[in-house]
Amino acid sequence: TPVAQVFAHADESMLIHLRKLVSMVKNELSRRELQLRDAFALWDVNKDGWLSHEELSVALKALIPSLTEQDVAELLHHGDNSGDGFLDYREFAAEFGCGSEEETALARVAAMNRRRMLGSSDQQKVSTLKQLQGLTDDHSGGESQASALPLPSLEAEATTWQSIAALGTFSLTSGGFVQFHGDGRVSTLPGYRPTIKPRFVNLCGGAWYWEVTIVTAGRASVGWTAPAFQGDSQLCIGVGDDEHSFGFDGYSKSLRGWGSATSFGSPWSPGDVVGVSVDMTQGKLQWYLNGEGLGSAPQLPTGITALVPALSFDSAFQCSINLGKAPFRCRPPLGCRSVWSWVTMTQERQHAVSVGARFGKFQCSSGGSGMKIKDNELTFTGGFPSATLAGVLLTRGKWYYEIKCLEESCAPQHGWADLDFIGGSRSGVGVGDDKHSWGYDGRRAPRQGLWADGPVEFGRQWKIGDICSAAADLESRRLSFALNGNWGAPMGVAAEGISYICGLIPAFTSQGGKVSVNLGESPFAHPVPAGHSSVHDWICGMRTLLSGSTTGDVAGPPQPPSLVRGISTVYQDCNPGVMIRVHSGHTHAILENADNIVGARDGYPSFVAHDLLLVRGHWAFEAEILCFDGGEKRTRAQRRQGTEQSKPGACVGWADKRFFGDYVRNIGVGDDTHSWGWHFSEDQSIHYKHGGISTQVEGEGIKAGDVLCLTIALHSGSARFFVNGKLRGCAEDITPAVGMVPSISVQKGLRIKVRLGPILMHGGATQATQSQKGEPMNAQPQGQEQQQPATDLQNHFLTFQDCRPVSDWAKVHGPQSKAGALLRLERATSAGLSQPRLLDRGISAGALQPVMLERACSAGLPPSPMVLKRASSDGPPSFEQRVPSLAQVPEASSATESAKLHMQQLQISARLVLSDCAGSGDEEMRRLMQAVLDAAQERLRGP
């Protein structure tokens, strides 16, 4: 602020001297009748849109020969509001522009005189302005591609990182009041009916999709609005209440818009997912409920060329909005892209355009007096300066570059920064010294080898000639560093689950020393990690995009449909199990999909099984505790908060469809009435939690390496909790609203591997198999040691022989089923995959297995002898294969064999009902089932 600038000087004499210098420059410019923009264009020798210290020094000394180098330095420092060591035109105009009305009038008169006297110079001014905007090839130095980049227009000149970061965030457009919570959840107070829309989003072409998850089912309208829409809560005008908006209201089952409201779709309930899509090319609108289309909607009216996602709702309605920043709950329509992909592409483009011809070049972000930049070589001569790549903003994908140490330095901190990072040479703030940057320090490693809002133990030291590889995986939010191509410990993954503003930028800070950076312009010294691309590839792609189209809607560079890629990673056929998804705290959770390993960066995120809802049966899953510290090292900021670190905890259990965690308020599994779980910390007591009420469980605590197994009987509402095969807890109060799903909430430091099937570690014991065959449990084979008796968990599986891993449900009803494979055929074929191969792979991956044939038949899947043979020969038998299915009986089998199988299954059902009767106290039912069990056993023994 102006007041802050006054107090930035030691005394008033320096301020008075600066005023005198500024007045001298203004007077000389007025005497020579030079307008500010013309002067700026003339002084900007390299036409990059900024005045450096050297350019300003030459120009001012030519204008006023009496000025000293110290005077020029003080003028530059006083006018450099951004602190980057350069003056852009706004800073230049604020420093030397006209202030009073008299000065403004004199400048206008001088400008009119110049136009009369120098009318022939108009063409020269146009040429100068074009050079300033980078529209010609008259740049000195730099690449020819950069010359094709225009400087931003007046509207784009005002672009700041705050406006770029605000792109796509929801804001209130009418209605008076709205509350924004974590995970995109919104609500309001009684008496209000707000309408909200994402900032600056304007979809002019293409096909787009977004969705909301219902938290509480009230009255709302979910859909689209045209730019001409004007909401008014007092007049009850929301989405769909005029000819410029269109929405679906699941509370009243109506489609609103086109000047009327018609009956449409099905009612929504808590936990439902409402999808919204639009094809601007065909003018087609569509709404979905839990992935199923709700019917055909009328075409878009003619004249509407742009739409914006919008939502109007009352106080009884709450929902979680997802434009695509987090993975979608349901599969979007073929050809649709997420609205968030439009947002990220627009952010990248705006940031690139805002720097003009300097795009893709290194720039000083914290003062250029202590740094020299020559091509891709950075020489740090004094202070603690920082540099970044101008206009580069990586918002998605996996990226890679290399840094070579040319000269030793005291404090090299090189890596990545987000859009909010600036740095301060004088204050000693560099890459990794704040929460907006992460840097590898090859000089002070391993004790301070990583800087992430403070020092963290990591890596090893480098020497002159060594090459550091930097890799960023924005999909999993993971940063990694390698030294001379070695990604193994102590190098490798440096930070997981990072949180950043908009995207990442390569960034560099050092106190002395010299490095060269290879972004990919020349061949890398070491192999690029799988799936990663060079930063240079991104720069070239953005240059191509900007040179092809600099205005209008952003459709993004040519690339395969992102939704096909998303399906292949979430619903991959080669994975026989069920995937885990983040339910709450997407940006704060750590999830390794390949192994279903979950963790937390901070907060209390929750995870659930993806695309799974158990509504009947007896199911089980496991959670293995990998570690309690997660390799976490305390940063300087964390040490300032206290000396003791609380032990991280987790809650593992079950949740129904209406469960919604809140990672900010530490609401997870067991903290509401729609979830049940067992909470534990390292070597501390276990507690059973439901509805926020905690009950201690007897026995010792949990330690790293323990395997937890949880089972549930949905027909009776009972659950069991086992630790390493030993029964540790029982729950009989489980009453799910709609279905059940495995769920976990985790705090920072814990790493848990979730096993949803098909094979569980403690699920198929040898003793259990022997018992089913009628062999004695304690029989000691000759030459072998005596086997241990069956554990509580094994006896549990013997009693409930239909207890199966939850992945078995997904094989029939989820995306791994044959029905799911058929749904993917169209997408797979459009991505270039052959249809027969996909079908063969889907079947051989376990879409149909012998143990599930009976359920498959009930779901409409015909049993196939060929599939039986293949599935039976693949892999070791699991515990659920002990009891054969009726579908496994050969066609030539006798009626006696079929009857025997019927009796075996009748035994299982009778034992299951008997276990329920023991808890309910229904003596009459117990006697009846005992008689059925005795009769079945008698029939099996035969005459």
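Visitor: Is Phe 621 buried or exposed?

Guide: Phe 621 has 0% relative accessibility, so Phe 621 counts as buried. Buried means under 20% relative accessible area, exposed means over 50%, and partly exposed lies in between, with a 1.4 Å probe and protein chains only. Before we go on, please note that this is a predicted model, in which local features need pLDDT of at least 70, side-chain atom pairs count only at pLDDT 80 or more, and totals for chains, interfaces and linings use all residues. Residues are numbered from 1 along each chain as its sequence is written, and side-chain values use heavy atoms, with hydrogens and water left out.

Visitor: Which residue pairs its ring with that of Phe 621?

Guide: Rings of Phe, Tyr and Trp (its six-membered ring) pair if their centres lie within 6.5 Å; planes under 30 degrees apart count as stacked, over 60 as edge-to-face and the rest as tilted. The structure holds 27 aromatic pairs. In one of them, the ring centres of Phe 621 and Trp 654 are 5.0 Å apart and the planes lie at 85°, so this pair is edge-to-face.

Visitor: What is the order of the strands in the open sheet of seven?

Guide: Two strands pair if DSSP finds at least two bridges between them. Here the order is β31-β34-β43-β36-β37-β38-β39, with antiparallel pairing. At the edges are β31 (580–584) and β39 (693–697), each pairing on one side only. From one strand to the next the twist averages 25°, where axes are lines fitted to C-alpha atoms, for helices over the stretch in contact, and angles run from 0 to 180 degrees between N-to-C directions. Inside the sheet, β34 (residues 606–609) and β43 (residues 741–746) are joined by three bridges, and Phe 607 has Ile 744 in β43 as its bridge partner.

Visitor: Where does a positive phi occur in the hairpin of β41 and β42?

Guide: Look at Asn 724, whose phi is near 55°, in a hairpin with two residues between the strands. Strands β41 (residues 718–723) and β42 (residues 726–731) are antiparallel over five bridges; Phe 722 is partnered by Leu 727 in β42.

Visitor: Which residues have the most contacts inside the largest nonpolar core?

Guide: In soluble globular proteins, nonpolar side chains tend to be buried together. A nonpolar core is a set of buried Ala, Val, Leu, Ile, Met, Phe, Trp, Tyr and Cys residues joined through side-chain atoms within 4.5 Å. The largest has 57 residues, and those with the most contacts inside it are Tyr 401, Trp 416, Trp 438, Phe 481, Leu 504 and Val 535. Helix α13 (residues 535–548) gives the most to this core, with six residues. Another core lies apart from it, with 50 residues including Val 578, Phe 628, Cys 651 and Leu 756.

How values were computed:
Helices (H or I, at least four residues) and strands (E, at least two) are DSSP runs, numbered from the N terminus.
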